[in-house]
Amino acid sequence: MNEEPLIKLVSLTKSFTTDAGEIHAIKDINLIINAGDYICIAGPSGCGKSTLLSILGLLDTATSGDYYLNGHQAHDLDVYQRAEIRNKEIGFIFQSFNLIGDLTVLENVALPLSYRKMKKSERMEIAMNSLEKVNMAERAKYYPAQLSGGQQQRIAVARSLVVDPSILLADEPTGNLDSKNGGAIMDLFDELNDEGRTICMVTHDARFAKRSSSVVELQDGILLDSSSK
Amino acid sequence: MSFTLLGHGDASNVEAGVVSWNFFEMLGIKPLFGRTFLPGEDEQGAKPLIVLSHQYWREKFNGNPDVVGMSLEMNNAVHQVIGILPALPAYPFKNDIWIGSSSCPGRGNIVYNSQRSWAVSNLYGKLKLGTSLQSASLDFNTISQQLQLAYPDQYPKSQGLSNTLTPMRTDMAGESGKTFYLLMGITLLVLLVACANVANLNLARTASRKQEFAIREALGASPRRIARQVLTESIFLSLIGGALGLLLAMLSLDLLADFTALYTPLASEVKINASVLIFCLTVSVFTGIISGASVAFQQRNISESLKEGSGNITTTVNSKKLRQALLITQFCLAFIILTSATLISLSLYRLNLQDIGFDTTDIIAVDLSSSANERSEFIIDVAKRLTAAPEIDSVGFSSEIPLMTGRDKRRFFQIEGQNSISRDERPEALRNEVSVNFHQVLNIPLLQGKYLQLSDDKNSPTVTVINKSFADRFFINEPAIGKRISLDEGATWLEIIGIVGDIREVKVDTSPVPTFYIPWVSNWQYDLQMLIKTQALLKTITPLITKVVHEANPRQAIVDIATLKYIKDKSLASPRLVGSLVSLFALLAFLITLSGVIGVVAFNVSQSSKEIGIRVALGANPKRIRNLFALQGMLLCVIGIFIGSVIMVFLSPLLSNVLFQTEPFNLPMYLLTAVVICLVAALAILVPVQQATKVQPNQALREQ
């Protein structure tokens with residue numbers, strides 16, 4: 001394991017100003033994620049899990065505090081820099097799959113690569129390899145609407161892997177799936193982590209939280225004790 | 001024919017239709033008051049009678065029916081008003097009054113009537129039921145042949161006798177057909193652009209009503225019922241639009257009638273009547289159906305639409321393709337209309353620049369039309385007095401002022417030394433009787449020989465000056481100067497003494513025609529137009545002109561006084577109007593299309609917030625997001641333009657009827673139009689595209 005953590009959060013806070021005063025979505029979060037970790041952020045609904053994941057994924061910015069990714073500060077980047085890092089370092093998996101309806105499966109998976117200077121044939125080849133990892137290569141020419149929920153989530157996983165990211169961020173990946181498909185996705189996550197992928201997952205499902213190597217509890221935006229296996 | 005009417009206020013010029021007694025009876029026209037002519041009232045010695053046209057009656061006699069029985073003086077004879085016509089199309093000409101042929105100084109003249117070969121009247125007839133135009137023509141040809149045999153001196157074989165039968169309906173429509181079809185075509189295209197735009201907006205509206213329709217269907221509504229609902233809504237909206245359009249038409253009726261009058265005597269038929277209302281209703285209903293069809297017959301997945309979180313997948317393929325197809329259609333049609341407008345504008349520009357061959361600067365035209373007796377003394381007197389005025393440089397006369405009437409009055413003639421040829425092959429040219437200084441007043445250049453000279457003023461002319469077109473057409477490989485032509489089959493001859501430059505006599509967009517000029521003589525019998533060269537303003541010089549004319553003859557009516565520049569501009573009025581209308585339609589179509597593309601791009605952005613969120617999450621920066629939607633919009637624009645340009649290649653020959661010195665397939669104009677459309681479209685979609693970059697990805701990704 002590298003000594004330098006993959007992700008380091010120092011006193012990270014995200015707050016909103018409302019008529020009722022200042023509200024903290026998350027407050028003074030200190031967290032370290034090392035390469036190869038399989039971490040789960042758990043907590044009740046509205047505790048700030050998704051907000052934390054958004055900041056980790058550079059989809060949102062913290063109000064204060066520091067965020068280091070691969071040893072580089074990531075808290076004061078401009079929108080273009082954040083986009084570049086998201087494209088290269090981060091793979092997203094969402095609860096609602098978030099596939100683009102008028103692109104084929106293969107095109108959806110290759111989409112992140114289209115933001116790099118690559119030939120189309122090269123992009124498609126890498127995307128096909130990614131589909132094969134999730135056993136969905138035969139559906140490459142299908143459209144998302146032709147697939148089941150479980151299959152769509154597999155496509156979403158393939159898309160997240162196509163850029164060879166430093167970390168996979170999964171926000172309630174089984175939230176829209178039945179238990180069988182949910183289990184299948186979690187099995188996939190296990191396989192990826194066994195291969196050395198760093199995974200940070202948000203879930204409120206205790207069954208799936210147990211499958212991670214460590215769980216951090218969030219409540220009212222504050223990080224409680226973490227536990228590891 | 002133009003005459004001076006006296007006996008009711010000031011002497012006024014009237015246009016008189018000269019007819020046989022049964023003209024109105026044959027056409028089934030019954031008078032509003034009084035009567036029309038009876039048998040025998042068109043024969044020599046008959047009492048001079050007048051029938052008033054409806055418009056003249058209303059304008060000059062305030063619509064007073066007591067005018068029937070009134071006596072008026074015309075052509076040194078007392079005429080009695082016997083009847084008033086109902087409102088009729090101005091056909092065959094816009095006549096103020098109608099008189100029997102015996103009352104006409106020309107057509108009632110025994111000498112006129114004895115000249116069989118003088119074609120001074122048009123013949124109108126009603127075909128028997130079941131008789132075709134073709135068989136009637138054959139009958140006429142038979143009669144012509146019989147007349148030739150009976151009167152060989154009047155109808156020599158070398159000239160023959162021929163006739164052409166034309167349906168009155170065709171004659172009445174005149175030159176209007178081509179222009180009206182063009183405008184109808186353009187209007188239809190604009191309507192289609194609007195329909196496509198509304199269809200796209202309807203599709204956008206439907207996206208937000210997807211769940212509503214799904215619920216209705218879940219509760220038992222059949223797809224046909226849903227379609228009926230959607231079409232009803234669409235037709236209702238288009239009926240409101242149609243009503244507003246009708247209101248606009250009612251408010252601009254006078255303008256429409258004035259425009260129509262430029263082309264056809266049927267202008268008085270331009271009104272809002274049952275036919276127009278039915279047409280408007282029909283178009284409105286069809287527009288509603290076309291606009292609503294894209295939504296009414298759209299296939300829906302009820303279960304998917306009812307599910308919560310149906311936003312797992314962004315917009316479906318079919319819906320997006322339909323919207324894109326509609327927008328491509330709009331750009332295609334807008335390109336066709338805009339290119340047509342560009343070509344017509346270019347044509348108009350060339351028309352305005354066209355050299356008409358004569359000077360219009362500082363020249364005033366005075367239309368005296370029918371002049372009093374003793375014309376030569378009158379002319380000499382007026383010219384002398386006006387020329388003496390310090391404000392006036394020179395005065396000329398002619399029987400025709402170029403561009404004024406727009407009528408192509410050609411005459412047959414014979415060239416000395418050329419073999420006799422058949423009547424159909426007789427040469428013809430425009431004939432103009434002029435004062436000897438006519439060409440100098442109008443600054444028409446002398447190319448060879450000499451202008452008409454003062455010494456040529458005799459009782460009957462013996463010389464003529466021809467224009468370049470005449471020389472080029474009839475004296476190809478030989479000099480024209482010194483040659484002689486005859487207008488009366490060799491009885492008298494005119495020697496060609498000069499060749500002048502071509503001028504546009506008939507219309508600006510009509511090429512010069514072979515023309516010969518004959519000097520005015522003492523027994524001038526033609527219409528009289530005066531040309532006055534002066535630097536004084538029209539309103540300043542008009543009182544002087546009027547005074548001099550009336551001092552020379554108080555009974556002389558002045559039909560019109562206008563600058564030659566105004567006459568030229570007036571001759572360009574109809575192409576300018578067509579150009580303006582087409583340009584207006586093109587602008588309208590383009591604005592509708594622009595609003596369509598802005599709307600579609602904005603809608604795409606709003607519907608794609610989740611997709612934008614996904615793309616941003618995957619690493620797309622703001623510039624990429626902007627470019628994505630901008631390119632989507634511009635691609636549709638380019639595809640639409642391409643299809644439009646292909647269609648335009650096939651449609652462009654239809655424009656050639658209205659273009660002047662402009663090829664309908666004009667690649668530079670096509671490219672220019674395409675570039676302008678693309679540039680403006682790119683600017684227009686900047687705002688909605690910019691909105692795309694403001695989407696908050698973390699919020700968009702959480703939205704269901």
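**Strand pairing, chain contact and helix packing**

Strand S4 (residues 64-69) of chain A and S5(A) run antiparallel and are joined by two bridges. In this predicted model, that pairing belongs to an open sheet of four strands in chain A, while chain A also touches chain B through 27 of its residues, which meet 24 residues of chain B. Within chain B, helices H7(B) and H9(B) pack against each other.

**Sheet of chain A**
- The strands of the open sheet follow the order S2-S1-S4-S5, and their pairing is antiparallel.
- Strand S2 (21-33) and strand S5 (72-73) of chain A are the edge strands, each pairing on one side only.

- On the side of chain A that touches chain B, helix H1 (49-56) and helix H2 (79-89) of chain A each supply at least two residues, and H2(A) gives the most, with six residues.
- By class, this side of chain A has 15 nonpolar, eight polar and four charged residues.

**Helix packing in chain B**
- Helix H7 (residues 223-251) and helix H9 (residues 274-296) of chain B pack at an angle of about 140 degrees, their axes being 7 Å apart, and H7(B) passes H9(B) in a right-handed crossing.
- H7(B) contributes residues including B:Ala227, B:Leu231, B:Gly241, B:Gly242 and B:Gly245 to the contact, and among those from H9(B) are B:Cys280, B:Val283, B:Gly288, B:Gly292 and B:Ala296.
- The residues of this contact divide into 14 nonpolar and 10 polar, with no charged residue.

How values were computed:
Residues numbered from 1 in each chain as written. Chains lettered and ligands numbered in written order. Predicted model: local features only at pLDDT ≥ 70, side-chain atom pairs only at ≥ 80, totals over all residues. Contact = placed C-beta atoms within 7 Å. Nonpolar A, V, L, I, M, F, W, Y, C, P; charged D, E, K, R; others polar. Pairing = 2+ DSSP bridges. Axes fitted to C-alpha atoms, helices over the stretch in contact; angles between N-to-C directions. Left-handed = near helix turned anticlockwise from the far one by under 90°.
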